[in-house]
Structures are given as C-alpha cells and as structure tokens.
Amino acid sequence: MTARLVGVGVGPGDPDLVTVKAVKVLRGADLVLVPTLDVGAAGRAERTVRAHIDHERLQRVPFALNERTDRARREAAWDAAGALVAAAFTAGATTVAFATIGDPNVYSSFSYLAATVRGLVPGVEVSTVPGITAMQQLAAATGVPLVEGEETLTLYPLTAGLQGYREALRRSDCVVAYKGGRHLPGVVEVLRERGRLDAAVVGTDLGLPGQSVVKASDVDADLPYLSTVLVPPASRTRGGRL
Ligand SMILES: C[S@@+](CC[C@H](N)C(=O)[O-])C[C@H]1O[C@@H](n2cnc3c(N)ncnc32)[C@H](O)[C@@H]1O
C-alpha cells in the first residue's frame with residue numbers, strides 16, 4: 001500500500017471556513033497531525049480541526065514556527081515530526097494528514113515536513129488540499145476586493161525586511177503583508193512615507209471570535225504574530241483597470 005502524506009489547509013481559524021474536501025481527508029486519515037508551539041496546549045490548527053473530527057486520531061507535533069534565530073532547534077523539530085510520520089507508516093498507517101492554518105502551499109510548515117518525510121520514506125505520495133488564506137479572510141472582512149482587472153498583488157513576509165516592503169508597495173497595486181506583528185510600528189512609518197497609510201488595514205486573529213480589523217493609522221504598537229496588513233490598490237474606478 002502506498003504511504004500518503006497530505007497537507008490539509010484548514011483556513012484561518014473559523015471551522016466554517018474548512019472545506020468539505022479537507023473534512024473528508026481529515027476524517028479518512030489514519031493519523032492527523034497538528035502543529036503546535038507547546039505540546040501542552042492546542043494550537044490554532046487543532047482547535048479548528050476538532051470541530052470536525054474525532055480526537056483519538058489526532059496528535060500534536062511541536063513545530064518551532066516562530067524560531068527564527070536557532071536554526072538547529074527548528075531543524076530538530078522538523079526531523080522529529082518527520083520521524084513520527086515515518087513511524088506511523090511503519091506501524092501500518094496508509095494516510096497521514098497534517099493540518100495547517102490557511103493554505104498548505106502558502107508559508108506553511110507543511111513544506112518542511114513534506115521534504116523531511118520524502119527523505120525518510122521512499123515512494124511516499126505527497127499531496128495537498130488547498131485552504132482559505134488569512135489574506136482572503138481579511139478581504140472578506142473589509143469588503144475590499146484584493147485585485148481587479150490588471151491590478152497586481154504581492155504577498156510579502158515582513159520578516160524579509162522593510163526595504164523589500166517599500167519596493168513591493170512601489171511595484172504592486174495591492175500588497176498584503178504576513179509575519180508582521182512585531183514590525184507594525186515600522187510598517188506604519190513606511191506606509192505613511194509612501195502615502196498609503198489611510199487605506200491600509202490590519203486584521204488580527206481573523207476568522208476567530210476575537211477577530212479584529214483596524215485601520216493601520218490607528219496602530220501604534222506591536223500586534224500578535226497572527227496579524228495581516230492589507231494595502232489596497234491606490235485608486236480605483238469601476239472597471240478602470242480592465
Ligand atoms: C506562517 S504564515 C501562515 C500562512 C497561512 N498558511 C495562510 O495560508 O494564510 C503566518 C502568517 O499568516 C498570517 N495569518 C495566518 N492566520 C491568520 C489569522 N487567523 N489572522 C491574521 N493573520 C493570520 C499572519 O500574517 C501570520 O504571521
């Protein structure tokens with residue numbers, strides 16, 4: 001039997017934003033792994049998944065998601081998660097699912113897990129089930145279309161620095177920034193400098209009961225890691241960029 005590893009996107013956190021296909025794959029898997037920073041506490045993906053599946057087949061895997069400085073610690077976490085998947089296949093599992101917030105192909109730890117498992121389990125079949133991203137939830141929450149006609153869109157990780165963010169704002173019509181909670185005051189400065197502050201919004205804990213969406217101009221301190229900044233195209237007329 002072919003061993004199958006499936007990365008399942010479970011959306012930003014609202015159980016109603018998990019796709020029917022994701023639920024089918026999660027329910028059919030022999031083992032469902034959920035990433036967590038702390039094995040003693042349920043992470044975002046787990047809380048979302050638990051709305052849809054039995055808990056006996058669910059297991060937490062520590063992933064040092066926010067570990068940016070200690071590469072060895074990060075890699076040890078990927079190795080341990082990969083070994084756990086390989087052991088599950090050896091013990092007879094045919095399908096292991098890894099639930100990840102948003103989409104598994106957008107800045108997800110699933111990519112690292114898949115690379116590790118490919119190295120450990122020859123012939124493993126790796127696939128993904130797309131999920132709704134935080135960026136889409138923020139557009140829905142604000143009622144601002146991300147792009148229309150010939151407008152361009154950039155998704156920028158703020159961990160890559162503010163200079164690259166400036167360039168993205170110059171090159172692209174709509175710019176969405178991830179991984180920026182700790183950089184928010186600097187982001188606000190750049191938006192002011194580029195004349196894009198007034199229209200920019202920041203969404204935190206999107207898709208959750210505590211979801212907050214505020215104007216970037218009202219932000220004067222760091223925000224949590226799960227925050228997303230949306231800068232819509234500078235000017236729009238109906239159908240103007242078709
Ligand atoms: C490692 S990336 C994961 C992206 C995810 N795979 C996706 O497709 O949306 C983490 C970043 O995604 C954004 N993010 C994910 N979920 C979010 C949420 N519920 N609310 C706000 N931002 C979120 C934040 O910018 C966060 O820093």
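Which residue in S4 does Leu 33 stand opposite? Leu 33 stands opposite Phe 98 in S4. The model discussed here is predicted.

## Domains

The protein chain is divided into domain 1, residues 4–129, and domain 2, residues 134–231. Taken over C-alpha atoms, the centres of domain 1 and domain 2 are separated by 27 Å. Domain 1 contributes 9 residues to the contact and domain 2 contributes 10 residues. On the side of domain 1 that touches domain 2, the classes are 3 nonpolar, 4 polar and 2 charged residues.

## The open sheet

An open sheet is formed by 5 strands in the order S3-S2-S4-S1-S5, and the pairing is parallel. Strand S3 (58–62) and strand S5 (125–129) are the edge strands, each pairing on one side only. On average, neighbouring strands of this sheet are turned by 25° against each other, direction ignored. Strands of a sheet pair through backbone hydrogen bonds, in either a parallel or an antiparallel sense.

Strand S2, residues 31–36, pairs with S3 in the parallel sense over 5 bridges. Leu 33, opposite Phe 98, belongs to the description of S4 pairing.

## Helices across the sheet

Helix H1 (residues 20–28) lies across strand S1 (4–9), S2, strand S4 (95–100) and S5. Its direction is about 140° to S1. Helix H4 (residues 110–120) lies across S1, S4 and S5, and runs at about 180° to S1.

Val 25 has its place in helix H1. Val 25 counts as buried because it has 21 C-beta neighbours inside 10 Å, the cut-off for a buried residue being 20 or more. Leaving aside neighbours within four places in sequence, Val 25 is in contact with Val 6, Val 8, Ala 97 and Val 129. Val 129 is 104 residues from Val 25 in sequence, yet the C-alpha to C-alpha separation of Val 25 and Val 129 is 8.4 Å.

## Strands S6 and S7

Strand S6 (residues 153–157) is joined to S7 by 5 bridges, and S6 and S7 run parallel. In this pairing, Thr 154 has Val 175 of S7 as its bridge partner.

How many of the 5 residues of strand S7 are buried? For strand S7, residues 174–178, the count is 5 of the 5, so S7 is largely enclosed by the rest of the structure. In a regular strand the side chains alternate between the two faces of the sheet. In S7, Cys 174, Val 176 and Tyr 178 point one way, while Val 175 and Ala 177 point the other way, and all are buried.

## The ligand shell

The ligand is surrounded by 22 residues, the closest being Gly 102, Val 106, Ala 134, Tyr 178 and Leu 206. Tyr 178 is also one of the buried residues of S7. By class, the shell around the ligand has 9 nonpolar, 10 polar and 3 charged residues.

Strand S8 (201–204) and strand S10 (227–231) each supply at least two residues of this shell. Where does the ligand lie relative to domain 1 and domain 2? Both domain 1 and domain 2 give residues to the shell around the ligand, so the ligand lies between them.

Methods
Residues numbered from 1 in each chain as written. Predicted model: local features only at pLDDT ≥ 70, side-chain atom pairs only at ≥ 80, totals over all residues. Near = placed C-beta within 6 Å. Helix = DSSP H or I, 4+ residues; strand = E, 2+ residues; numbered from the N terminus. Nonpolar A, V, L, I, M, F, W, Y, C, P; charged D, E, K, R; others polar. Domains from an automatic or database assignment. Pairing = 2+ DSSP bridges. Axes fitted to C-alpha atoms, helices over the stretch in contact; angles between N-to-C directions. Contact = placed C-beta atoms within 7 Å. Buried ≥ 20, exposed ≤ 12 C-beta atoms within 10 Å, placed from the backbone.
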